[in-house]
Amino acid sequence: MTLNTAQVQAHALEPGYLEIQALSDDAHSLFWRKPAVKGKPMAMDVLLPENCDLRSPPAPRFDGTAWVSRWTAQCEGGLVGQHITIDGLESTNTDVLVRFQDLEGGSFTSRLTPDQPGFALPENPGAFRVLADYIALGTDHILAGFDHLLFVFALLLLIHDWRRLVGAITAFTLAHSITLAAASLGWLVVPGPPVEAVIALSIVFLAVELAKRRDGSLRLSERWPWLVSFSFGLLHGLGFAEALREIGLPESDLLMALLGFNLGVEIGQLAFVAAVLLLAVLVTRFAPIIDARLRRSAGMLNTAFIYFVGSIAAYWFVERVTGFIL
């Protein structure tokens, strides 16, 4: 089987990122990061309100993964209540995260989309706005995080009994909620790169379990799926926390943002499970031959699926390990 795993990435196209830090009532330090498209900066840029002297960033430089700019803008009367726009975002397929930090150290994060490329920076975003924004961020993260989805997909391939499957998904959700909260609140500190490597290894483990599965006997992960999914769910929660840490949490609505992000992750995860199960129902109904071959543990089609999953995960593991030891 030929597999070009180098073309498969754990996460989809990264969103743009704008960080604004208030230095005084009028002065603001800005950092702008936009994705690379075929080696060139994506055709979109920051447009600050008219009360700022430098409304757009200087020419960006390539940092190896994206195009970045830093500058300081004097905005008479400040930015709170003023409209900030990402010019050109409406013509892309990506999002932009905007993080604002005020003079007291309080922060606020908002998500701009092609349908809503601008917003007025609120003085007090309000708990509901924070909840809604972080639900969207959590959903985006899980749906763009192919490694998390591949783990759930492997669970779906491995567990055919719906009661065991519900137990495994519930245990996975409970576990990653615990470590997501603990790491986000600073109660648990674990370096991100090793966690990401072990997340890839968790998928390799499930691929091995799938490869060794034989009809009429149950593997460890089939007999105790909740135990396996709970154990690895703790690791995946640390991965979610790393992403949330990069986005930032508003100190004024910390718990609401954490709740929103976790809810978003669950919504995205359940949507993925529902889509896979729907596809399985359609295959069973309209392509019974394929369904029968997939159900044979040692069948060629099933084996190809397993090696596909395992090869991608093994590539991610090697890539992530070499990323922090070399």
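Colleague: Over how many bridges do strand E7 (residues 83–87) and E10 pair in the antiparallel sense?

Modeller: This is a predicted model, in which local features need pLDDT of at least 70, side-chain atom pairs count only at pLDDT 80 or more, and totals for chains, interfaces and linings use all residues. Residues are numbered from 1 along each chain as its sequence is written, and side-chain values use heavy atoms, with hydrogens and water left out. Strands (E, at least two residues) and helices (H or I, at least four) are DSSP runs numbered from the N terminus, and two strands pair if DSSP finds at least two bridges between them. For E7 and E10 the number of bridges is three.

Colleague: Where E1 meets E2, which residue in E2 is the bridge partner of Glu19?

Modeller: Strand E1 (residues 16–22) runs antiparallel to E2, with six bridges joining them. Four residues link E1 to E2 in a hairpin. In E2, the partner of Glu19 is Phe31.

Colleague: Which residue takes a positive phi in the hairpin of E2 and E3?

Modeller: E2 and strand E3 (residues 40–41) are antiparallel and joined by two bridges. Within that pairing, Ala36 has Pro41 in E3 as its bridge partner. Two residues lie between the strands of the hairpin, and the positive phi, near 55 degrees, belongs to Lys38.

Colleague: How many bridges pair E2 with E6?

Modeller: Pro35 is bridged to Ala66 in E6. Leu30 has Trp71 in E6 as its partner. Strand E2 (residues 27–37) and strand E6 (residues 66–74) are antiparallel, and their bridges number nine.

Colleague: Turning to the helices, are H1 and H7 roughly parallel or oblique to each other?

Modeller: Axes are lines fitted to C-alpha atoms, for helices over the stretch in contact, and angles run from 0 to 180 degrees between N-to-C directions. The axes of helix H1 (residues 127–144) and H7 come within 6 Å and cross at roughly 40 degrees. Angles under 35 degrees count as roughly parallel, over 145 as roughly antiparallel, 65 to 115 as roughly perpendicular and the rest as oblique. H1 and H7 are therefore oblique.

Colleague: How do the residues of the contact of H2 with H7 divide into nonpolar, polar and charged?

Modeller: Helix H2 (residues 146–158) and helix H7 (residues 254–286) pack at about 40 degrees with axes 11 Å apart, which makes H2 oblique to H7. The contact (heavy atoms within 4.5 Å) joins Leu149, Val152, Phe153 and Leu156 of H2 to Gln269, Phe272, Val273, Val276 and Leu277 of H7. Ala, Val, Leu, Ile, Met, Phe, Trp, Tyr, Cys and Pro count as nonpolar, Asp, Glu, Lys and Arg as charged, and the others, Gly among them, as polar. The contact of H2 with H7 has eight nonpolar, one polar and no charged.

Colleague: Is the crossing of H2 past H4 left-handed or right-handed?

Modeller: H2 and helix H4 (residues 192–212) pack at about 20 degrees, with their axes 10 Å apart, and are therefore roughly parallel. A crossing is left-handed if the near helix is turned anticlockwise from the far one by less than a right angle, and right-handed if clockwise. H2 passes H4 in a crossing that is left-handed.

Colleague: How far apart are the end C-alpha atoms of residues 267–287?

Modeller: The unreviewed UniProt entry annotates residues 267–287 among its spans named "transmembrane region"; such annotations may be inferred rather than shown by experiment. In the model, this span is 95% helix and 0% strand, and its end C-alpha atoms are separated by 29 Å.
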